[in-house]
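The sequence and the model are shown first.

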Amino acid sequence: MNRRNFLKQSAFTTAGTMLIPHFLKAYEAQMMGQVSASNGKILVVVQLSGGNDGLNTVVPYRNDIYYRERPTIAIKPEKVLTLNNEIGLHPAMTPLKALYDEGLVTVINNVGYPNPDRSHFRSMDIWQTASDSDKYVNSGWVGRYLDAACAGKEQQPFRTIEVDDTLSLAMKGDTLNGLAVLDPKKLYNQTRSGLVTGLSKEHTTAQPESVAYLYKTLAETVSSAAYVYDKTNRAGIPVYNTLATYPANELGNRLKTVSQLIQAGVSTSVYYVSISGFDTHSNQPGQQERLLGQYAEAVGAFMKDLKAAGRQNDVLLMTFSEFGRRVKQNASNGTDHGTANNVFLIGGGLPAKRVLNEAPNLTQLTEGDLAYSVDFRQIYATLLHDYLGADDVAILGRKFDGVKIV
Amino acid sequence: MINQTRQQQTRYLFARAGFGATPAELDEAARKPLKKVVRQLFKDSTSVPELRVVDADTNETKKQLRGMFRNGQLDKDMLKERIRDNAEKVRDLNLEWLDQMATGKAALREKMALFWHGHFACRTQGRNPLFMQQYANTIRQNALGRFSDLLMAVSKEPAMLQFLNNQQNRKNAPNENFAREVMELFTLGRGNYSEHDIKEAARAFTGWQFTLDGQFIFREQVHDEGGKTIFGKTGAFKGEDVITMLLENKQTARFITAKIYRFFVNEIEDKKQIDELAEQFYKSNYDITDLLETIFTSDWFYDAKNVGAHIKSPVELLAGLRHTLGVQFEQPQSQIFVQRTLGQLLFYPPNVAGWPGGKNWIDSSSLLFRMQLPNYVLKAAEVAVKSKDEGDINVQSLARKGGARFQTKVDWADFEAAFSKTADADLTDAIASTLLPFPLRSDQRELINRQTSSGQSRSEQIHAVTAALMSLPEYQLT
């Protein structure tokens, strides 16, 4: 059954229901060519899970304390890809250095939050929910962006997409959740079993709200999966194939999917992607080199792809990790959990700010860890307000002074 | 034919007070008065089979292992292996407990313990199976006793003291984490204490520490013996005094009762019912059994607005499915995979506030996975989903494996036998009435029946119908 028939049929079988017309309306809007993204800007969040060692990513290569505290794992000055006379990138990140030289990269140092938590899970929660470290919040900042974007309009989970099989807390709103799609075709097939498709057309006025909620979620999932699949495929063949060559690793594959979705014209404003393995308690050098290499290559290919399509100014990629690591290395050639870290902003048509703020201060540590000077929520606020044109105060729960990047 | 209403009531009771019931259990219970069935649930829960994956004298914490590494007792590979062993023992503990929920006699006790695990949420980083084992057994042993005993016992558990940093809470260098969470999450709830109360209570809890072999210990030399003013009272209070003061405060009874109500009855609170229950709970000296018995025997518990209102947590879903069909997993790791993918891994709650529950369990991917789960478990369908890697090196061993097809044994014989006298035409509805909170609608019935084919044997039909019914959104509800 093709989409048109599917639509016709669902419109038929569900006439007079409360659930489906909702998504059909959204569908109609799409089909009439209305662009639903507010200003056409797209944010791609790349999460480095495990706590990437920021000091060996953006290296203070002129700092004696750095070399003293890390006798066996420090990056030698001559290996560093110099950014300015204080800091430089890890040698595995050549593609990122190239983007930097083109003026496409902004480095923000010393990003963190008050009373930092050194547990992976908790700190990731804090970054994903944008909460204070002593509060527990059940919705994520991207999810609340979705809530705001869809408030009073059609409920369209696909406006924020996580390229994965499961959905992160960051993507869960208070009223609506984003969509997890690793592979549009696979997701579509999952929703095409007789039972799932049949049930998604079911309507129910049953009393407990829980029933209505499950059926609403199901209908939205089926319609979103169909929408994304339809946008990216014609008669089962991908509409758009990327020109750039992506590295054959997980992040490369996922960013390639993001690029395909963007270039196929899917109305998604925020994409979320993660890569893990950064918890380098032992034998850090080899492990981190491999991961940062993968990261830089994948991002390099992604930006090249967008440039070829003339979209590099519409797409901004932000990279963060839940915390940085201890300044002093441990006894196993690794580093333990720390606090403040750097954040990269890439593309998006930002004026080239290159290195936004001061390098980490290794003389004024808090319990052996770097002090933060930029609250990560200031970056979120800027991205939400200045870049995506959204209500940052409503989404973050209060006003954070933006960082001056946009 | 048994009375539908009675059967639906007992189905609902077993689903809420335990992890569901087999058709045979439902049949038997439906012949007794409801009050008697409730009493039997408590009787069946008197025993507490201990969970045991490690012995206190052989357990070594990560810290101890690192020490042995430095002394040369362990080489690097051995150290790694021992740390991984510890994480795997936490996994084994998870599975042992899940077995008790799915197949043990004391379903009500395990259900209540699951509630307390979310309430006194405590997370291990794979560090210490002994501490988690003690913690789990403490909440299970005290699950149906007095909340006052449970609160004191769990507050003194090394796992909890460690998780909430009370080891670092010392005289002249207080750490307020423990004191704050005890008030905010365990007893009073936000807004019922002042920051000053927390500061002072933290001083009272100084010296509450633990030894590496899992013993609570009061270390007098780090205890702040000075005077404190807490809730307007002044004295040289110790930790026990703070717990006593918290229990004297009626707000604790109200806070706990409301949370129990949301878990067992309805997320939407009925203030009048909760006020009455809280009053009773307080007067009974926090008798948990008494409170639950009142709930399960109240007429309003069975009101239409409550039936089907609760969204099963992933562990409830998994344990329930196992119980109903006597499912055994050949590779227990699959059950870890299910928990992780759906967002509820025992001993790894997201934070000290526990799992948020309710609608938070459901998003597009988790709902699709839940609807596919019966196919994975009953039909060994290919698992099309990978769970996320959290990035913590210590839990990586929990992430690996388990994503491939599940291998299970299903006890269909018992299940089928319960429907041996059911006419073919009634089969779908009869099975549905044992699994779902609502009768099937006609369009659903048609959809379910379409999953069978005419050439199938009766057994095959039962299997197909059951798997399809368990794929319904309604199966996610109790």
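1. The structure is a predicted model. For the complex, the predictor reports an ipTM of 0.93 together with a pTM of 0.90. Within chain B, the average pLDDT is 93, and 96% of the residues reach a score of at least 70.

2. Overall form of chain B. Chain B contains 23 helices and six strands. Its C-alpha atoms occupy a box of roughly 80 × 60 × 35 Å along the principal axes.

3. The contact between the chains. How many residues of chain A are in contact with chain B? The count is 43 residues of chain A, which meet 41 residues of chain B. On the side of chain A, the elements that give two or more residues are helix H5 (120-129), strand E7 (179-180), helix H7 (184-190), helix H8 (194-200) and helix H9 (209-232). H9(A) gives the most, with ten residues. By class, this side of chain A comprises 17 nonpolar, 17 polar and nine charged residues.

4. A helix pair in chain B. Helix H18 (residues 364-379) of chain B packs with helix H23 (residues 458-470) of chain B at an angle of about 145°, and the two axes are 7 Å apart. The crossing of H18(B) with H23(B) is right-handed. From H18(B), the residues B:Pro374, B:Asn375, B:Leu378 and B:Lys379 take part, and they meet B:His463, B:Ala467 and B:Met470 of H23(B). Sorted by class, this contact has four nonpolar, two polar and one charged residues.

5. A sheet in chain A. Three strands of chain A form an open sheet in the order E2-E4-E3, with antiparallel pairing. Which strands lie at the edges? They are strand E2 (58-59) and strand E3 (81-82) of chain A, each of which pairs on one side only. The pairing of E2(A) with strand E4 (residues 88-89) of chain A is antiparallel and runs over two bridges. Here A:Val58 stands opposite A:Leu89 in E4(A). In general, strands of a sheet pair through backbone hydrogen bonds, in either a parallel or an antiparallel manner.

Note on methods: Residues are numbered from 1 along each chain as its sequence is written. Chains are lettered from A and ligands numbered from 1 in the order in which they are written. This is a predicted model: local features need pLDDT of at least 70, side-chain atom pairs count only at pLDDT 80 or more; totals for chains, interfaces and linings use all residues. Axes are lines fitted to C-alpha atoms, for helices over the stretch in contact, and angles run from 0 to 180 degrees between N-to-C directions. Helices (H or I, at least four residues) and strands (E, at least two) are DSSP runs, numbered from the N terminus. A crossing is left-handed if the near helix is turned anticlockwise from the far one by less than a right angle, and right-handed if clockwise. Two residues are in contact if their C-beta atoms, placed from the backbone, lie within 7 Å. Ala, Val, Leu, Ile, Met, Phe, Trp, Tyr, Cys and Pro count as nonpolar, Asp, Glu, Lys and Arg as charged, and the others, Gly among them, as polar. pLDDT is the predictor's confidence in each residue, from 0 to 100. Two strands pair if DSSP finds at least two bridges between them.
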